[in-house]
Amino acid sequence: MPFRFGVVTLTESPQAFVRARIRLEDGREAEGAAAELLAPKWFDKDPALTNQDNYDQLRSSLGRAREQYLAHEARTAWAHSSPVRGLVENYGPALLDRALLDALCRALGVSFYRAVQPNLVGAGSFEGMDLGDFFATLKPRVAIAARHTVGLVDPITAADQKARVDDGLPETLEEVVARYGHRYFKLKVAGDARADLERLSAIASVLDGIEDPYHASLDGNEQYEDMQGIAELWARIKAEPRLRRLAHSVLFIEQPVQRQRALERRVEGIDKPMIIDESDDSLDAFPRARALGYRGVSSKACKGIYKSLINLARCAAWNEKLGSDPKGSDPRFFLSGEDLTIQAGLALQQDTALVSLLGLTHLERNGHHYVNGMAGLPQTEQDAFLAAHPDLYERSHGAVRVRIADGMLQLGSLDCPGYASQAMPDWNTMRGMAWASVS
């Protein structure tokens with residue numbers, strides 16, 4: 001199904017895979033892997049660049065990261081993200097970091113959780129925080145709620161659906177709620193307050209039919225030019241009778257202002273927490289955003305797993321100073337779990353395990369909705385992932401896919417040797433990656 005977010009409607013995209021082999025000092029060797037979509041118009045939204053240009057940017061980032069790691073220029077897991085680097089530059093190192101950590105876990109025979117909690121990753125002191133001590137307090141979740149994304153061209157009811165894929169899977173929001181039992185939703189807005197208000201009202205007409213409490217986030221994907229625009233939208237949402245329950249259900253608003261201007265002015269005129277996503281382009285971005293009134297930041301493995309862990313430690317330290325319980329129902333500063341159209345397999349499992357360790361209660365998941373599960377993969381690969389992770393996957397409609405029941409994802413099988421996967425892709429079916437230098 002087409003997925004419209006921000007300035008792009010995504011209908012196809014390649015996925016990058018990384019393999020990394022390491023040798024420990026005692027001679028043991030192990031191979032690890034990681035995967036991530038080459039998502040266009042998110043890392044760099046320059047309209048002058050084509051989707052192919054965006055792919056080449058990210059491939060080039062991977063190529064440079066590979067060369068740096070092999071040349072031993074990056075000797076520590078913490079070296080890849082700095083104030084002078086952006087989302088594109090961090091893409092390659094963030095992906096290689098995961099593959100290397102997977103290899104380390106396999107060499108030591110421990111899970112991702114058991115590598116981070118006792119600080120086998122070698123974190124030291126950062127901004128006055130002892131990260132090793134903090135990691136020891138983390139407790140992974142065995143289940144987490146899936147926050148369903150409603151894209152800008154997603155059909156809400158059968159009445160507004162022009163054409164169906166008709167493969168038996170849910171397509172409209174009504175069908176999604178009935179099939180998966182979601183209680184958490186992520187609603188895209190497009191930067192036009194009047195149009196956004198009408199679409200949100202249509203969405204609310206479906207969500208308000210849920211008997212249990214539901215929760216939502218609003219995602220602007222940088223579609224509003226300034227803080228005044230999103231403040232106007234929020235005021236109109238609160239004043240609209242059709243949106244009374246939805247407005248009450250909104251948990252936070254995600255990156256509504258263009259990244260070039262998002263950190264220019266204070267957050268004003270909005271009584272819901274605001275978080276950064278695309279503006280989180282370096283290790284110092286969250287503290288700068290906090291100074292302007294932002295209360296949260298997204299966690300995405302494509303931005304760096306260590307960045308997420310650092311930002312969680314920051315939240316705990318800041319909340320403690322304020323006397324706010326970092327694990328309470330309404331911490332002052334927080335992380336949210338967000339998606340990059342993550343595909344079933346390594347990418348999904350590694351990002352989900354990260355969010356599990358962060359202790360979050362819900363995270364956005366949308367790749368399973370816009371893509372037909374593992375339908376494009378060899379049957380033996382599908383079978384391997386299903387056998388290794390039967391709590392996370394199921395077989396239906398001719399393919400292995402993510403299993404969501406009562407709105408929840410079950411994650412127990414991710415606590416396994418390696419970084420959250422007991423299965424591996426079929427490398428023989430892939431083509432090697434070529435990259436070009438893109439300025």
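Asp 406 has a relative accessibility of 69% and is therefore exposed, the term standing for over 50% relative accessible area, against under 20% for buried and partly exposed in between (1.4 Å probe, protein chains only). The model is predicted, and local features need pLDDT of at least 70, side-chain atom pairs count only at pLDDT 80 or more, and totals for chains, interfaces and linings use all residues. Residues are numbered from 1 along each chain as its sequence is written, and side-chain values use heavy atoms, with hydrogens and water left out.

Asp 406 is located in the loop between E16 and strand E17 (408–410); helices (H or I, at least four residues) and strands (E, at least two) are DSSP runs, numbered from the N terminus. Its phi is near 55°, a positive value in a residue other than glycine. Ala 420, in the segment after E17, also has a positive phi, near 65°. Ala 420 is buried, at 0% relative accessible area.

Leu 173 belongs to helix H5 (residues 173–180) and is buried, its relative accessible area being 2%. Leaving aside residues up to four places away in sequence, Leu 173 touches His 148, Val 150, Pro 155, Ile 156, Phe 185, Ile 203, Val 206 and Leu 207, where contact means heavy atoms within 4.5 Å.

Helix H6 (residues 193–207) packs against H5 at an angle of about 30°, and the two axes lie 10 Å apart. Axes are lines fitted to C-alpha atoms, for helices over the stretch in contact, and angles run from 0 to 180 degrees between N-to-C directions. H5 is therefore roughly parallel to H6, given that angles under 35 degrees count as roughly parallel, over 145 as roughly antiparallel, 65 to 115 as roughly perpendicular and the rest as oblique. On the H5 side, Leu 173, Glu 174 and Val 177 meet Ile 203, Val 206 and Leu 207 of H6. The residues of this contact comprise five nonpolar, no polar and one charged; Ala, Val, Leu, Ile, Met, Phe, Trp, Tyr, Cys and Pro count as nonpolar, Asp, Glu, Lys and Arg as charged, and the others, Gly among them, as polar.

In helix H12 (residues 346–358), 13 of the 13 residues are buried, so H12 is largely enclosed by the rest of the structure. H12 is among the elements covering the buried residues of H14, as are strands E15 (393–396) and E16 (399–402). The buried residues of helix H14 (residues 379–388) are Glu 381, Gln 382, Phe 385, Leu 386 and Ala 388.
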